[in-house]
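Okay, thanks for making time, everyone. Let me put the model up, and then I'll walk you through the ligand site.

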Amino acid sequence: MRTALVTGGGRGIGAAISKRLAKDGYRILLTYCNSSKPAEMVVDEIRNSGIDAVAVNCDVTDAREVALLATHPWVSTGIEVLVINHGRYDRIDAKELDIDHLRRTMSTNFEGAFLVWEAIKTNLVSNARICVIGSQLGTRGSAHGADYSASKAALATWARSLAQSLAPEGKRVNIVAPGFVDTDILAGDSEEKRSSREAEVPLKRIGTPEDIAGTVSFLVGEESDYITGAVIHVNGGLYLP
Ligand code: NDP
């Protein structure tokens with residue numbers, strides 16, 4: 001059975017990706033950090049559809065936990081698809097950002113991605129597909145997320161570098177850069193803020209986790225066989241230079 005590993009696959013965008021890839025026929029190895037309940041619910045839903053799934057607790061900032069993840073039997077039998085989806089966004093004004101917070105964000109969003117890749121790279125099948133969830137803010141920056149924007153920019157350029165290095169082996173790496181997506185990340189928005197976001201988006205709506213999952217499904221599927229090192233913006237038409 002083909003295996004897809006989805007980090008942060010138990011809620012938000014990650015949960016939609018886990019469910020979509022299960023529909024595509026992968027058994028799902030998903031990780032969570034703090035939210036075991038939603039992760040178990042996603043696993044149950046996938047299993048009820050007849051596809052195998054398992055949730056593993058793994059804080060990606062902890063190298064020992066990531067090393068332990070790599071010993072899971074589904075990793076040793078070969079990973080076909082790796083989705084690096086986990087992320088944190090704490091909305092701190094760029095002027096107020098301190099070094100501790102910057103390190104925390106980088107260690108989750110960027111170094112955590114690297115640790116996962118490093119731990120499982122020898123278990124990737126020969127034509128493995130890797131999909132990394134970046135952000136529009138990795139391109140355009142944000143007054144309320146300098147740390148987050150920098151971490152996502154680093155993540156995207158790292159992933160593009162990996163794409164170039166892995167291409168001769170037949171492995172593909174792509175980046176999905178979401179705009180505004182309806183998950184807990186936007187849950188703190190006032191009604192007014194939400195309306196202003198909707199007005200800003202040319203397609204006049206906030207994205208859904210399923211919008212992102214559909215793009216991931218395409219990028220790890222056969223129909224995108226000639227696409228690697230790409231950053232696909234899924235943002236309802238927001239202009240990015
Ligand atoms: P959520 O806050 O809903 O989910 C974040 C996920 O990351 C959770 O599964 C969480 O696991 C996991 N996570 C956080 N910290 C760690 C850690 N240290 N180790 C392991 N896992 C961790 O956010 P979204 O679903 O919205 O975000 C998913 C991805 O999409 C993120 O990379 C985010 O940056 C990106 N994105 C989201 C946008 C949006 O508007 N929603 C826009 C652009 C990009 P747990 O709950 O178990 O702690």
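I'll go from the pocket to the ligand and its contacts.

Quick housekeeping: this is a predicted model, so local features need pLDDT of at least 70, side-chain atom pairs count only at pLDDT 80 or more, and totals for chains, interfaces and linings use all residues. Residues are numbered from 1 along each chain as its sequence is written, and side-chain values use heavy atoms, with hydrogens and water left out.

So, the largest pocket. A pocket here is an open set of points on a 1 Å grid over the protein atoms alone, where a 1.4 Å probe fits, with protein on both sides within 12 Å along at least five of seven lines. Its volume is about 1200 Å³, meaning the space filled by probe spheres set on the points, which are joined across faces, edges and corners. There are 46 lining residues, and Gly87, Arg88, Tyr89, Tyr148 and Ile185 come closest to the centre; to count as lining, a residue has an atom within 4 Å of a point. Helix α8 gives the largest share of that lining, four residues. Helices are DSSP runs of H or I, at least four residues, numbered from the N terminus.

And where does the ligand sit? In that largest pocket, which requires more than half of its atoms to lie within 2 Å of the grid points. Around the ligand we get 27 residues, with Arg11, Cys33, Ser35, Tyr148 and Thr183 the closest; the cut-off is a heavy atom within 4 Å.

Now the polar contacts, that is, pairs of N or O atoms within 3.5 Å. Tyr148 puts a polar side-chain atom 2.5 Å from a ligand oxygen. Asp59 has a polar side-chain atom 3.0 Å from a ligand nitrogen. Gly179 uses a backbone N or O atom, 3.5 Å from a ligand oxygen. Taken alone, the ligand exposes 890 Å², and the protein buries 93% of that, by Shrake-Rupley with a 1.4 Å probe.

Definitions and conventions:
A polar contact is a pair of N or O atoms within 3.5 Å; within protein, one must be able to donate a hydrogen and the other to accept it, and residues adjacent in sequence count only if both atoms are side-chain atoms. Helices (H or I, at least four residues) and strands (E, at least two) are DSSP runs, numbered from the N terminus.
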